[in-house]
Amino acid sequence: SNGSNVASPISNMQYTVTGADIFGCLNFAVSNVTVVPLPSITVSDGTICIGQTFTLNPGGALTYSYSGGSAIVSPTSTTSYSITGTNTSGCTNNVGVMAIVYVNSLPLISVNSGTVCYGQSFTIAPVGASSYTYSGGSSIVTPLNNSNYTITGSDGNGCVNTTISSVTVDPLPLISVNSGTICSNQSFTMIPTGAATYTFSNGSNVVAPLANNSYSVNGTDINGCVSASAAVSMVTVIALPTIVATSNNSLMCSGETTTLSASGATTYTWSTSENTTDIVVSPVTQTSYTVEGTDANGCMGITTIMQDVSLCTSLAYFNTSNNINIYPNPSDGIFNVEVEKITHIVITNSLGQTVYENTFDNGLHQIDLSLFANGFYVLKAIDKQTSVTKQLIKNR
């Protein structure tokens, strides 16, 4: 009834078929054609980050075929995929449906690397993403040795990328410094090693302590790293020797000689250029002599002695002998002195300093040393040709 034995109905149809035999007799039959609809396929588009996979999840059929060969795709750029489906009746929608998978690029992350001194912290500062996570747990790290840290960054699309920050750790310098011994009033130079530059607790590497002292030194190397602990320089200060110079004739007549003696050191140098403990001098007027003494440590002290010289003109009437009597001796400072003639009296202390001087006529005289310190004193009685030396003891 449709003119052909091939029919393509779009809905259920009934067709009449009329047949004639060889005798020209006719008959007919009815063909009922049921039209099953094609499956209506649905699928959702998707978005991934480059490197990820996306699973196509179509609906509306029993089985499906994919232009990408599989329901799981991993495009490197935005791509369309065709999906065809077959329903339970075996009908296939060959036209298919298109699914678009959008591909977002990964964030391009850059990060700083750097160098720190041992014990210092380093701040990792990445850029190129919206948020970051750090393999060290924080953007601030304090490595004990050279270390690499992984930084993971995520952008607004949720795409993730990683990069590496390398942190180099420079060791701290180890500082050492010399110690030493000096004489009082000398200076000492500290010579540290182990770094490029140094700072000293007293502000300079040259010190002149008055007593034993210690100084700390910190060093900074060429990398700018500072020593963890200071080196200590111990400077020992030795006191200068106390030099004492004495004369065996604190008041001499012009033309006489006297012996000057030094004590308190090991070697001596006088202002006369002599290098002995005792020197003999013959000054014609009052003269000062300087002596430098050096002890076993090489420390040097200095002192000056004044040698008094008299013309002795007031002794013109002195006789050639002189008897002198002193009592009590020891005493509390009051000494009785008996002389037989005019006598010039000079009393010096243990340092050679004159504490009393007078000229006595013959007879009994009194000398008062009560205001002076207890100890030994030397009394010299002088006439024109002779001199007598006596030791006085003040002990009360």
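Modeller: The model is a predicted one, and a residue in it is called exposed when its relative accessible area is over 50% and buried when that area is under 20%. Ser 273, at 60% relative accessibility, is over the 50% cut-off and therefore counts as exposed. Ser 273 sits in the loop between strand E24 (267-270) and strand E25 (278-281).

Colleague: Why does Asn 185 count as exposed?

Modeller: Its relative accessibility is 63%, which is over 50%, so Asn 185 is placed in the exposed class. Asn 185 belongs to the loop between strand E15 (180-183) and strand E16 (188-189).

Colleague: Why is Val 346 called buried?

Modeller: The relative accessible area of Val 346 is 2%, and because this is under 20%, the residue is classed as buried. Val 346 lies in strand E30 (residues 343-348), and, once neighbours within four places in sequence are set aside, its contacts include Ser 250, Leu 251, Tyr 356 and Val 378.

Colleague: What is the phi of Asn 185, and what is that of Ser 273?

Modeller: Asn 185 has a positive phi of about 80° without being a glycine, and Ser 273, also not a glycine, has a positive phi near 80°. Most residues other than glycine have a negative phi, and most peptide bonds are trans.

Terms used
Residues numbered from 1 in each chain as written. Predicted model: local features only at pLDDT ≥ 70, side-chain atom pairs only at ≥ 80, totals over all residues. Heavy atoms only, no water. Helix = DSSP H or I, 4+ residues; strand = E, 2+ residues; numbered from the N terminus. Buried < 20%, exposed > 50% of the residue type's maximum accessible area, 1.4 Å probe, protein only. Contact = heavy atoms within 4.5 Å.
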